[in-house]
Amino acid sequence: MLMKVTPAPKLEELSERHTLSVLVDNEPGVLARVIGLFSGRGYNIDSLTVSETEHERHLSRITIVTTGTPMVIEQIRNQLERLVPVHRVADITDMSEGIERELALVKVVGKGESRVEALRLAQAFDARTVDVTLESFVFELTGSTEEVDRFLRVMQSVGLLEVSRTGVAAITRGAEAS
């Protein structure tokens, strides 16, 4: 009897992108402790944003985009929850209808027809023009990471010079806090 042997899936095939929302005390050293958890265990951070979100209670939200197998993501969540300044960890990816947005400032240089094309493409993506010189534009685009990536790819052909991105900001829909 012949048995068909199926090769094991590669680790990259099992990895999933997850967005974690971590509510923490807004005090010195907290961000370093959270980041240290990732670097100390060899986990990569694809995007990181942090800001105080509840001034009266001195709480900040850290939004982390990372990639890993379901087991690795669960380990990260459990380890984050054990850190003393952490109040809550939510996996926005697992929650229904999470909203993720990113802001990018994009500098494009060019003359003549490439300037006209850059303006046309920016308009197609609903990007705002925030600075204009005779040789360059700075566009502001807010959208999903995928939308920002698409915009950057099309701007390559018309003179993309420089990009500054905020990283992902995420929240869930509805009446419950993430």
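Two strands are treated as paired if DSSP finds at least two bridges between them. In this predicted model, strand 5 (residues 98-109) meets that criterion with strand 7 (residues 136-143), to which eight bridges join it in an antiparallel arrangement. Within this pairing, Ala 104 stands opposite Leu 141.

Strand 5 also has other partners. With strand 8 (residues 160-165), strand 5 pairs in the antiparallel sense over five bridges, and the bridge partner of Val 106 in strand 8 is Val 163. Four bridges join strand 5 to strand 9 (residues 169-172), again running antiparallel; here Arg 101 stands opposite Ala 169.

Elsewhere, four strands form an open sheet in the order 2-3-1-4, with antiparallel pairing. Strand 2 (45-54) and strand 4 (86-91) each have a single partner strand and stand at the edges, so one side of each lacks a neighbour in the sheet. On average, neighbouring strands of this sheet are turned by 20° against each other, direction ignored. Eight bridges connect strand 2 with strand 3 (residues 59-68) in the antiparallel sense, and Glu 54 stands opposite Leu 59 in strand 3.

Helix 3 (residues 70-82) packs on this sheet, touching strand 1 (16-25), strand 3 and strand 4, and its direction makes about 160° with that of strand 4. The buried residues of helix 3 are Val 72, Ile 73, Ile 76, Arg 77, Gln 79 and Leu 80. These buried residues pack against strand 1, strand 3 and strand 4, and also against helix 2 (30-40). An α-helix has 3.6 residues a turn, so residues three or four places apart point the same way. The length of helix 3 agrees with expectation, because its 13 residues at 1.5 Å a residue should span 18 Å and its end C-alpha atoms are 19 Å apart.

Methods:
Residues numbered from 1 in each chain as written. Predicted model: local features only at pLDDT ≥ 70, side-chain atom pairs only at ≥ 80, totals over all residues. Heavy atoms only, no water. Helix = DSSP H or I, 4+ residues; strand = E, 2+ residues; numbered from the N terminus. Axes fitted to C-alpha atoms, helices over the stretch in contact; angles between N-to-C directions. Contact = heavy atoms within 4.5 Å. Expected span 1.5 Å × (residues − 1). Buried < 20%, exposed > 50% of the residue type's maximum accessible area, 1.4 Å probe, protein only.
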